[in-house]
Amino acid sequence: RGETKRKFFEDTRTAGLGDRSLARRALGVVLAHARADVAARLASVNRALRADARRVPQLAFGPESALWRRSGDDADGTLTEILTRHRPGRLQRLVLCPPARRIDDAGAGFVACSLSPATVQFAARAQLRLRCLWTEPGSMRPDPSARLPVNRGVVSITLDREDCAAIVTRGQCTGIPRAVQNTGIHAPALTRLSVGAAAEMTDAGIRTVLRSCRKLRSLEVTDGGGELIGLDWGGVGRDADVPTLQHLRLARCGHLRALRLTAPMLRSMAATDCDALRDLALAPSTIVGDSRGIDGAMTELSELTLGGFSGYKYRAGGGGGCNVPGNALADIVARCANLSFLSVPASCGAGMSDEEIAEVWSAALAGCASSLETLCFQVPVTTTALLLIVSGRGGEFPGLETLSVAMRMATGGDGEPPIDAGNVADDLVAATSPCPAIRTLTLVDPPPELPTSVEEAAVTHAKMLASVELARGALAARCRLAEEESDSALGRELVVTVADDFRGVAGRARTADAPTPGGMEAILRECDECAPLEWSLDDA
């Protein structure tokens, strides 16, 4: 597909389309990023191709697009030109996915441009058949000091037709203004809704969307404001009943206190950097006594992500991106036999000893031991407690490939023996034994803060000595494991590292505020699932 696009774009530049006017450059961007089969059909028509550009059903500006290499105003003008003078009258899908790593033709770095929110709003309003709008983080450049709401990032999307299937505005801009409930009422066929910078999102708006859009399969909310609390998404005193919802992700919703859902089809749930969240309840059914009842198994849930992945800082009173009690989350995990990704927030260890943490979580992980592939354990524990967790009731973790754990270092205070590199190495080697498929073991050890007194300086010094012992133990464990693998001729390469935070896991976690894992191909696959293109040869 990529080779077809590249060859076709080169052919258009040499077939009498050499002038570099804005209109001609806009036409080149259209044709270079249309679907390959459509582009191949257009290439066989004539040199001008102006009329044929109106028939493109999809405009997908991926990371390689020339659109992101222009200055801001030029990029806005190019996209506007595409959608007016060369307007694709049959356009059903618009995707904006800027590059994550910005590299120019010479191999040097550059800052990719972003589009004005007003341009994106115009693009959505100008297309009569648009059913799917998808913008990734970084594709728009809001101006917080602008006079008009649209320039500040409040993009009023009016895809209020019954066939509208997806509105995804991820990142710094929101696709829904205050009247979010109107979008739900006027777009009942909506299957995917992602709202970035959702300061105006309220519980009432969420409740209306859930009730009006009965086909909704995915909901993402980022940066919710003070009226997004989560207490009455299903009505006063009622859990939200979402029979079709498969994906729920929330990020940086600082006032969110509760998530109580009856979701039999839920496959993934993420609540990251939501420090006020304490009440979490997931159930497949509301019927007490039913095998799928309130305490029934969540057989569809494969990803459960809570906590935070950047700037990790453990607080003794909980927090760290979430405040859900450990026993409550452990009860949910114990009912999820098919979990493949699990992130346990630091709050799950508040008020518990290492022995209690190991007992609770070795039992909770027993049910999903056979399916778990990635475990991000943000509760600070010693290496001995880690050994007890993975070698407890769960037996073996045959598919576990990535394990990241926050470390609690014993510094020798309160009569507790200080950490020793030899003991660390022994624990880590033993902890990997029940995990034959493990490839990455990350020990998260945040650096200490700068001391402000003599007493704090002594504590910091002890912490630094403990960190040195942890690093020595991790290195010794890596060497011992490498020697064992060499002797067994299994050929497994196990990486044991010490990191400051959980950023290494962030690329595997699917959260509301991060770019879509898998890039453009994954985005187009998801677009095809929620809003497949209605195109035939008669349109070409």
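Which hand does the crossing of α11 and α12 have? In this predicted model, the crossing of these two helices is right-handed. The confidence of the prediction is set out before the packing is described.

The protein has an average pLDDT of 78. A score of at least 70 is reached by 74% of the residues. Helix α1, residues 2–14, has the lowest mean pLDDT of the elements, at 45. Strand β13, residues 341–344, has the highest, at 94. Two further segments deserve mention. Over residues 289–293 pLDDT stays under 50. For this stretch the model has 10 contacts beyond four places in sequence. Residues 315–319 also stay under 50. Here the model has 9 contacts beyond four places in sequence.

Helix α10 spans residues 326–334 and packs with α11 at an angle of about 20°. The axes of α10 and α11 lie 8 Å apart. These two helices are therefore roughly parallel to each other, as angles under 35 degrees are counted that way. From α10, the contact draws on Gly326, Asn327, Leu329, Ala330, Val333 and Ala334. They meet Val360, Trp361 and Ala364 of α11. By class, this contact has 7 nonpolar and 2 polar residues, with no charged residues.

Helix α11 (residues 354–364) also packs with α12 (residues 383–390). Their axes come within 8 Å and cross at roughly 20°. The pair α11 and α12 is therefore roughly parallel. On the α11 side, Asp354, Ile357, Ala358, Trp361 and Ser362 take part in the contact. Their counterparts in α12 are Ala385, Leu388 and Ile389. The residues of this contact divide into 6 nonpolar, 1 polar and 1 charged. Trp361 of α11 meets α12, and Trp361 is also listed in the contact with α10.

Helix α12 packs in turn with α13, residues 421–432. The angle is about 15°, and the axes are 9 Å apart. That makes α12 roughly parallel to α13. The crossing of α12 and α13 is left-handed, whereas that of α11 and α12 is right-handed. In α12, the residues that meet α13 are Thr383, Thr384, Leu386, Leu387 and Val390. They face Val424, Asp427, Leu428, Ala430 and Ala431 in α13. This contact comprises 7 nonpolar, 2 polar and 1 charged residues.

The strands include an open sheet of 3 strands. Its order is β7-β9-β11, with parallel pairing. Strands β7 (240–241) and β11 (279–283) stand at the edges. Each has a single partner strand, so one side of each is left without a neighbour in the sheet. Strand β9 covers residues 258–262. It runs parallel to β7, and 2 bridges join the pair.

Definitions and conventions
Residues numbered from 1 in each chain as written. Predicted model: local features only at pLDDT ≥ 70, side-chain atom pairs only at ≥ 80, totals over all residues. Heavy atoms only, no water. Axes fitted to C-alpha atoms, helices over the stretch in contact; angles between N-to-C directions. Helix = DSSP H or I, 4+ residues; strand = E, 2+ residues; numbered from the N terminus. Parallel < 35°, antiparallel > 145°, perpendicular 65-115°, else oblique. Left-handed = near helix turned anticlockwise from the far one by under 90°. Contact = heavy atoms within 4.5 Å. Nonpolar A, V, L, I, M, F, W, Y, C, P; charged D, E, K, R; others polar. pLDDT = per-residue confidence, 0-100. Pairing = 2+ DSSP bridges.
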